[in-house]
Amino acid sequence: MFKQDKLRPAIRQKATATLELSSIRKTRQCTLPEWSPSCWTNMTGQCWSIHVKLLTLLHVTSGYYQRWKNTFVVTDLSQRKTLFSRRTKPTDLLTGDEIKAVLSVNLCKMENTTSDVWSADSLLELMPSNPVRESFENAWIYMNKHYTKFQIATYGSLIVHELVYFAACLPGIIFQFLPFMRKFKIQTNRPENFDGQWKCFKLLMFNHFVIQFPLMCGTYVFTEMFDIPYSWEEMPPWYNLALRVFGCAVIEDTWHYFLHQVLHDKRIYKYIHKVHHHFQSPFGMTAEYAHPAETLILGAGFFIGILLLCNHFIIMWLWVTVRLFETIDVHSGYDIPYLNIFHLIPFYGGSKFHDFHHYNFNGNYSSTFTWWDKIFGTDSQYKEYCAKLQAEEKKKGL
Ligand SMILES: [Zn+2]
Ligand SMILES: [Zn+2]
């Protein structure tokens with residue numbers, strides 16, 4: 001039952017935009033939102049205000065909606081009753097009746113609540129606004145208007161990959177010429193040299209253009225098959241994207257941990273992974289210095305997250321940016337913890353952690369986080385090494 005008239009004034013005020021039944025009727029159909037209410041950015045302005053208020057209501061009541069495994073469900077928990085349930089596609093539309101059902105379930109409960117209504121939106125309002133949002137929005141819209149999806153997914157991705165890769169490598173390339181940076185170098189007895197860097201650059205170019213570029217073309221096919229949107233209007237908010245990218249990192253790290261150990265198996269090591277271990281003291285560019293087969297095997301971990309979590313094309317570029325900065329950081333050969341934003345992430349391995357893998361060859365198999373090595377004890381040699389270094393430092397200090 002829809003009981004708009006019985007709402008108390010305070011609640012009525014909060015819900016006014018929501019309860020414009022006539023406007024809901026006029027709207028008839030809105031784009032189906034993601035399960036996260038914040039993903040409704042793709043709805044019309046009118047529906048957006050409905051969503052904002054609906055979000056407010058959802059947090060204090062027992063009715064809720066969700067989209068899970070491609071099924072859209074409206075549930076009244078108080079009566080343990082499913083009101084709507086239907087199979088959907090990501091591009092499906094939410095009908096006016098479904099919006100009304102969600103509102104009705106929640107508003108009936110609202111009548112008896114006296115607690116203040118909490119809203120995720122009011123929390124977000126406290127955050128500083130993004131100064132580059134407008135320029136980014138204009139650039140994104142311009143790109144969509146002037147280039148095809150194929151061009152964006154293939155050539156666009158290649159450009160993003162190359163720009164990010166070498167931008168992330170640049171500090172390390174400069175550090176080798178700055179004497180005061182030597183105190184941050186992890187293996188001081190093995191400085192970078194031109195021959196090594198040139199050898200690395202040549203294989204990188206082969207991997208980037210011959211192995212990785214065709215994979216990027218494959219991402220276009222993926223976005224077409226799964227109707228992944230490219231438009232600005234359908235772009236989820238930043239916190240939704242951030243969570244998805246974090247999810248991609250967890251999945252990739254897990255894949256990397258187990259497959260990396262397989263590549264270290266004595267029977268196959270010399271055929272594939274030996275190439276990556278050519279540099280016992282890594283530098284940024286060595287992050288993707290690997291046998292083409294390794295690029296495919298370990299690179300698969302990058303795409304699993306995308307397959308499972310991608311809800312907009314921008315995830316591809318965000319995830320590749322984060323992953324490249326991270327892998328170049330752990331291969332950089334320099335440990336500058338206070339200036340490194342990645343060190344704010346709990347369980348982040350960092351350059352010392354992966355540098356030890358190249359130095360010692362055994363242990364520390366994860367790519368990003370340390371938990372798998374902790375769980376399986378494959379960081380024991382690293383721990384012993386750190387303890388030894390600490391004891392030596394202490395001795396020197398005395
Ligand atoms: Zn290895
Ligand atoms: Zn490595």
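The buried residues of α7 are Ile152, Ala153, Ser157, Tyr165, Ala168, Cys169, Gly172 and Phe175. Keep that list handy for what follows; the model is predicted.

**Exercise 1.** Work out which helices the buried residues of α7 pack against.

*Solution.* Start with the list: it includes Ile152, Ala153, Ser157 and Tyr165. Next, bring in the pattern of a helix: with 3.6 residues a turn, residues three or four places apart point the same way. Now look for contacts, meaning C-beta atoms within 7 Å.

**Exercise 2.** Compare the span of α7 with the expected one, then find where the helix kinks.

*Solution.* Helix α7 runs over residues 149–175, which is 27 residues. From first C-alpha to last, α7 reaches 39 Å, close to the 39 Å expected at 1.5 Å a residue.

**Exercise 3.** Describe how α12 meets α13.

*Solution.* Take the axes to begin with: those of α12 and α13 (residues 350–360) come within 7 Å and cross at roughly 65°. Then pick out the residues: α12 brings Asp329, Val330 and His331, while α13 brings Gly350, Ser351, Phe353 and His354. Finally, sort them by type: 2 are nonpolar, 4 polar and 1 charged.

**Exercise 4.** Zoom out and sum up the whole chain.

*Solution.* Count the elements: 15 helices and 5 strands. Then check burial: 30% of the 398 residues are buried. Last, take the contacts with a separation of 6 or more: 67% of them join residues 24 or more positions apart.

Terms used
Residues are numbered from 1 along each chain as its sequence is written. Chains are lettered from A and ligands numbered from 1 in the order in which they are written. This is a predicted model: local features need pLDDT of at least 70, side-chain atom pairs count only at pLDDT 80 or more; totals for chains, interfaces and linings use all residues. Helices (H or I, at least four residues) and strands (E, at least two) are DSSP runs, numbered from the N terminus. The expected span of a helix is 1.5 Å times one less than its number of residues. The bend at a residue is the angle between axes fitted to the seven residues ending there and the seven starting there. A residue is buried if 20 or more other C-beta atoms lie within 10 Å of its own, exposed if 12 or fewer, and partly exposed in between; C-beta atoms are placed from the backbone. Two residues are in contact if their C-beta atoms, placed from the backbone, lie within 7 Å. Axes are lines fitted to C-alpha atoms, for helices over the stretch in contact, and angles run from 0 to 180 degrees between N-to-C directions. Ala, Val, Leu, Ile, Met, Phe, Trp, Tyr, Cys and Pro count as nonpolar, Asp, Glu, Lys and Arg as charged, and the others, Gly among them, as polar.
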